[in-house]
Amino acid sequence: MEAIGAWDEYSAVAMEEMDPDKGSTVLLLLLPLGRVICDFICSGQQEVDLAVKSAKAAFEAWSKLSGFERGRVLLEAARLIREQKGEIARMESINNGKPIFEAMLDIDIAWQCIEYYAGLAGTLSGQHIQLSGGSFAYTRREPLGVCVGIGAWNYPFQIACWKSAPALACGNAMIYKPSPLTPVTTVMLAEIYAQAGVPEGLFNVVQGGVATGEFLCHHPDVAKISFTGSVPTGSKIMEMASKGIKPVTLELGGKSPLIVFSDCDLQNAVKGALMANFLSQGEVCCNGTRVFVQRHILDKFVQEVVKRTQAIKIGDPLKEDTRMGALISRPHFNRVLGFVKQAKEEGATVLCGGEPYVPSDPKLKDGYYMRPTVLGNCKDEMTCVKEEIFGPVMSVLPFDTEEEVLQRANNTSFGLAGGVFTRDITRAHRVVAALQAGSCYINNYNLSPIEVPFGGYKKSGFGRENGQVTIEYYSQLKTVYVEMGDVECTF
């Protein structure tokens, strides 16, 4: 086995107490370049129980700190991430396959998230309500307890920070299960939190797949679950959480529309379409993969998009000039190519890409590389237009009128994101108001500032990540009534 990095332990929970002989499964991790980088033990019921027990103990101490004191620890964690940015980004790129330049941006967003919620921690407060006769009431915003975060493989470190930062800021503990395809950098985050001064057990990492997730969701001492991933898995998590009446945050899939009107700045619209489809090899839930282009500019738009797509540099994700790395795994690689094959069978035209890419470097020959793809002659009823592909595949569809394109854009069970390119600002606001999507863009796409809430409508989930509103999803409100006079008794 070829190993990259010294990663012998993959759980940040009392490894010395765990017995791998009691039914736990050892997994070998194959990175997107086609090589094994590590093996790890899946956490079973025993390990999950240990994680919850240590998290509960840490919660008792952490929740009693003032918000200002918690914020100070989180600020130190953000500083340590900045300090270790290069090392974390390199491991993220090796583990996930995305280009190092993207991984560096992801780590920046991660520490900014922690820093943002560190600032909010000291501001958490309730409300005073004056009542008649001198009596009054007040509210207290209190932590939930032990929260569970279940992450996806496309943004491993960033998603872990998006979930843990608001949870910890509110005074909660968190047990985090990363995707079994990308287990490494979340352990680095656990180490950073420990170095920053969080109580032992406050942020625990458990490794594993479906079974481990089920143990977490069913555990009676877990207060909340936040999940990022597919709609079918999100539905199952919601069902499991309902057994214990646990609140959930679900950030699920999408098949988002990007609408390009003929009065747009064409070059900006082309750049926006590329950003909406090809970041992280197209493995982004909010991608605008249904690109609706007003018929008058369709030919010019397609010509420019194809030219720029063909120029995207594919290759070694650790090289600074690489703009597209490898897909996450062989099964996913085959699945994405299968969508392209089916699109051709259904009548779509492959304008560029749509096939495997074999780098010239022999060290990369086993990687899951694919040429970025633009599909033309697409129809709304095609599988490539209706289903989430989660790869570098853009479907271009013509439209004529605003009314028509809005009806088509909303004709989906998803509602994660949407975008519009136009110089008519009145139209822009009118269109995004009509889009049935939780995160919308005007004259840009796929930005994720930490201050702005992110989440979807319909089957794309509910709850929000980022922004001040997320505090509400990691806390609960207690109302206290204070009587200043005598009790009026009806008996």
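## Pockets

A pocket is an open set of grid points with protein on both sides within 12 Å along at least five of seven lines. In this predicted model, the second largest pocket holds about 800 Å³ of space. Its lining is made up of 33 residues, and E102, Y155, M275, L279 and N446 are the ones nearest the centre.

At least two lining residues of the second largest pocket come from each of α4 (100–121), α5 (156–169) and α9 (266–278). The largest share, 6 residues, belongs to α4. By type, the lining of this pocket has 19 nonpolar, 6 polar and 8 charged residues.

## The largest pocket

The largest pocket contains about 970 Å³ of space. It is lined by 36 residues, with W153, F227, G229, S230 and T233 closest to the centre. Two or more lining residues come from each of α7, β8, α8 (231–243) and α11 (330–345). Here α8 gives the largest share, 6 residues. The lining of the largest pocket consists of 18 nonpolar, 12 polar and 6 charged residues.

## Two buried loop residues

H219 sits in the loop that runs between α7 (210–218) and β8 (222–228). Its relative accessibility is 9%, so H219 counts as buried. Leaving aside residues up to four places away in sequence, H219 is in contact with Q45, V48, D49, V52 and K246.

G455 is found in the loop between β16 (439–442) and β17 (461–462). G455 counts as buried because its relative accessibility is 2%. With residues up to four places away in sequence left out, G455 touches L416, G438, S439, G463 and R464.

Terms used: Residues numbered from 1 in each chain as written. Predicted model: local features only at pLDDT ≥ 70, side-chain atom pairs only at ≥ 80, totals over all residues. Heavy atoms only, no water. Helix = DSSP H or I, 4+ residues; strand = E, 2+ residues; numbered from the N terminus. Buried < 20%, exposed > 50% of the residue type's maximum accessible area, 1.4 Å probe, protein only. Contact = heavy atoms within 4.5 Å. 1 Å grid on protein atoms, 1.4 Å probe; cavity = no way out; pocket = protein on both sides within 12 Å on 5 of 7 lines; lining within 4 Å. Points joined across faces, edges and corners; volume = space filled by probe spheres on them. Nonpolar A, V, L, I, M, F, W, Y, C, P; charged D, E, K, R; others polar.
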